[in-house]
Amino acid sequence: MVANIILKPILQSIVEDIDFDSLPGNWNILDTVSFSKDKKLWDFQQESLKNAIKVLYLYFKEDKGDKKRFYQRYDLDEDLEKNLDIRLSRLKKNLSTIIREYYPVENNRIKFYNFINRASFWMATGSGKSLIIVKLVEILKRLMELKEIPERDILILTHREDLLNQLKKHVEEFNQLAGERGFRINFVELTDYERIKRESLIPYLKEITVFYYRSDLIGDEQKEKVIDFRNYENNGNWYIILDEAHKGDKEESKRQMFYSIMSRNGFLFNFSATFTDPRDIITTVYNFNLEKFISEGYGKHIYILKEDMEPFKDRRDYNKVEKQKILLKSLILLTYLKKVREEIKEVAGNIYHEPLMLTLVNTVNFTETKDEKPDLTLFFQEIERVGKGDINKDIFETVKDELLQEFSEDSKLIYEDIPLKVKRDIIKSIKIEDILKYVYNSESFGEVEAITIPGKKQEVVFKLKTSDKPFALIKIGDAVKWIKDNLKGYEVIESYEDKSIFENLDEREDINILMGSRAFYEGWDSNRPNIILFINIGVGKDAKKFIIQSVGRGVRIEPIKGKRRRLRNLYNRGEDGGIYKRIVSIKDGRYLIDSIETLFIFGTRRKVLSEVITTLKMEKEPAKTIQLRKNKDAETYALLIPVFKVSKKKLYQEREIQKFVVSETLFNALREYFTSTDERIPIVENNITPDLLQYIKNSFKDRERYYKIVQDSSIPFKVALQKLINHFNINIEELDRFKVLEEEIIHFKKIKVFLKEEEINELKEKIEKVYKYIDPETRKDELKTMFERGEISIEEYTSEIEKLAKTSKEENFKDLKIKKIVNHYYIPLILSKKEKVDYIRHIIKTKSEVKFIEDLENYLNSRDIDVDWWMFSKIDEYLDEIYIPYYDPDSNKIRRFKPDFIFWLKKGKDYYILFVDPKGIKHTEFEHKVDYFRKIFGDIESPKVFEFDGFKIRVYLYLYTEDRNKLSEGYRKYWIDEVGDIFKILQ
């Protein structure tokens, strides 16, 4: 449809230029964290909701719901713009007639701006889309209450019954906190719309009715289950949340149009793991697809094994040796992973999951047309053969050698372009008896027997007769019937328990192999899969989606309970409790972590395997990643950074009390509520402790100390009440320690570029040219001396001089400057000449930052810095993990301030860390940041001194502006307007 046009998530680029904290109070106070009694949203889920809030702000508040005005923000290429329009000539007459009723026609087209009131969320399977969808309902309700967006009904659509059931469960979870939130969600089928609207002429404030239906049952005619969208069209006044309804077939495209019509005066939110439509891609407001999910550390690495499975082409003529080879390879790998976890437990205790092998087959039962054994039967027979001891020892050793050979080659992880490393000595040591012990839970070979579970016909468990523990589970439509049809004369016993094994898989660590078909790809959660074996999964559109979804189910990771990120990422954030260091301190410890944090994928045919690779790569963001390189000097310096931790201490227990900002009217209402109401009511209604209630009551007696009274605001009482409780419940962050910089600055490895291949190559060439730059005069003097000493020949001298001519200190590319700046952490720096550049991300483009770099460069050209060494780096607020905590009273939260630059200076035993932020900052916001910085590190004129590794560390904060004299006296000392002032601490 859009050949030669690069598609990118434009809407995300638009909202990323907006600082969420700078939104007006009614918008940035919205809760994006809490979900239920046991669940809070992860960082990336919170970010997705913040992006949703930002797009609603732009569309409804800034652009007043004007579609043409909002469309202008996209600034689309003319060719792309034409391709996005709906061409009526390409539609069936019936659909064309319907659309004309609702949209204006221009040149036999419906212009795309008519559909621009939408936002897509491109999110990996396993990233918790369902939680975000339910939480989005709360966001919409709050904004409607605050009169910030129009009153509209909410409709959630998804394409399968089990997905609706899953949503219902999440709504029930969400409603656990109904008392604290002040409302609950009432989930009602769309067919009850008229009845509900009649009965709800006066809205019930303590609940919000959300309608739901199957997206595939919405059409243009009324049947028993299929409904005519026109009967529920509601004048286009819907907020529609659409979950995974992007199959891409013609019928689905037609339904997509109906969803747009129904939400034409509201808003349409699309959630999917598999966007392909250009309209969905450019309106993506948050991209956290499988690639992003993994690269950000929220999922396991993915490794696809290389296999040449030619003998498996003809299913009726399987080669027994080759069949056993592939099975043994997967069983050896599973045994290896179980041994890895065993070693980790010895060092770090009971962390991570117990590895599991998931086998997904194409066929389960015999068919009338083909007299062939189904895939599940064939695989099970191989499992049985190994369990009985029917193993060729030579094949076993060959398979081990092949595995070791593969892992010694340049075996790259999908998406990450880094090699997979394994602990080779463990694989070498694996014996057949180890597979018996670790996979079959037995000390000796034996016959396999089946165990059924009363009332659970979908599940059958298997164990060896020589063991008292099961080792495998089949979950299919009717597993009991499958045994009767496929395992004639098999011994079947009934379990005395009627508890589902599948639903308790995380606790049932004795189950090492899980077998089934496509029922697995949605609706279940487990961290345990480390191996997925696809058997004869096809290559059609449905198979592609199935592969993506099932891989998404396999990548979940939770090294430490409640922390769903890879261990290294937790360590970088100071959230690993010292576990990472304990593991990496042993030989090849990192390889243990890498192995248990990797999902290994097998395919039984080359065609299938290739399809897996292709499908996964299709999920990649339509951008190329360029990696800049670390300055070699950075490896020789101890670059220290502060690390913070959440304290048990509450904000109100601080020596300097942070005042709660409130209007006079609301202050009086809150005081009345807390001091004149029966104490049991606030405790029960708001789920607070008696101690906290008492402290809040006492605070009203000392108004000057605890409250800052401002002019009346439009915040509803319920919102103000929750803000006040949160205020007195906030835990502060405090300095934990200093550590050497490792992976906390990574943005230079993830420069995203949306350009054509030839332009990317040109940019890379210019980057390389600047990277290799050496001061020519200094180098010429060196070469001349070497030549005069006879250390190099005239040919070598000439060659080196020619190389100098091919380097450059600065290059230009489009709107970019590529520069080598002395002592920067990575090389080169990329700066933009204008602030709005949408074809490259994670560079320096803010005007104030660019000016700071230019000023710094001019300063350094005229003098030297009198220190042993110094270095500085840009900090990216999205990707890097260096920050200073501060309390933001507007949003009533502890936030993370990420200054734009960090400097390190060492002189003798004195060590200085300088944070510099040249961004224009509104007055009150910078005051909050400075106040909290001062609490942690001391005043700029008398900084605290911290001892670390023999150094005396002082930390400073500078805010860079053009004219510091315009600022108030109290904070002026933190502002500088001359770059040289940064280095005055050395005087």
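The model is predicted, so local features need pLDDT of at least 70 and side-chain atom pairs count only at pLDDT 80 or more, while totals for chains, interfaces and linings use all residues. Residues are numbered from 1 along each chain as its sequence is written, and side-chain values use heavy atoms, leaving out hydrogens and water.

Let's start with the open sheet, whose nine strands follow the order β12-β20-β19-β13-β18-β16-β15-β14-β17 with mixed pairing. Strands (E, at least two residues) and helices (H or I, at least four) are DSSP runs, numbered from the N terminus, and two strands pair if DSSP finds at least two bridges between them. At the edges lie β12 (301–304) and β17 (492–494), each pairing on one side only. Inside the sheet, β16 (residues 472–475) and β18 (residues 513–516) run parallel, joined by four bridges. Here Lys475 stands opposite Gly516 in β18.

Now look at helix α15 (residues 375–388), which packs on the sheet and touches strands including β13, β16 and β18. Its direction makes about 155 degrees with that of β18. Such angles run from 0 to 180 degrees between N-to-C directions, with axes fitted to C-alpha atoms, for helices over the stretch in contact; contact means heavy atoms within 4.5 Å.

Finally, find Asn527 in the loop between β18 and β19. Asn527 is buried, with a relative accessible area of 10%; buried means under 20%, using a 1.4 Å probe and protein chains only. Beyond its neighbours within four places in sequence, Asn527 is in contact with residues including Lys300, His353 and Arg564.

Technical notes. Buried < 20%, exposed > 50% of the residue type's maximum accessible area, 1.4 Å probe, protein only.
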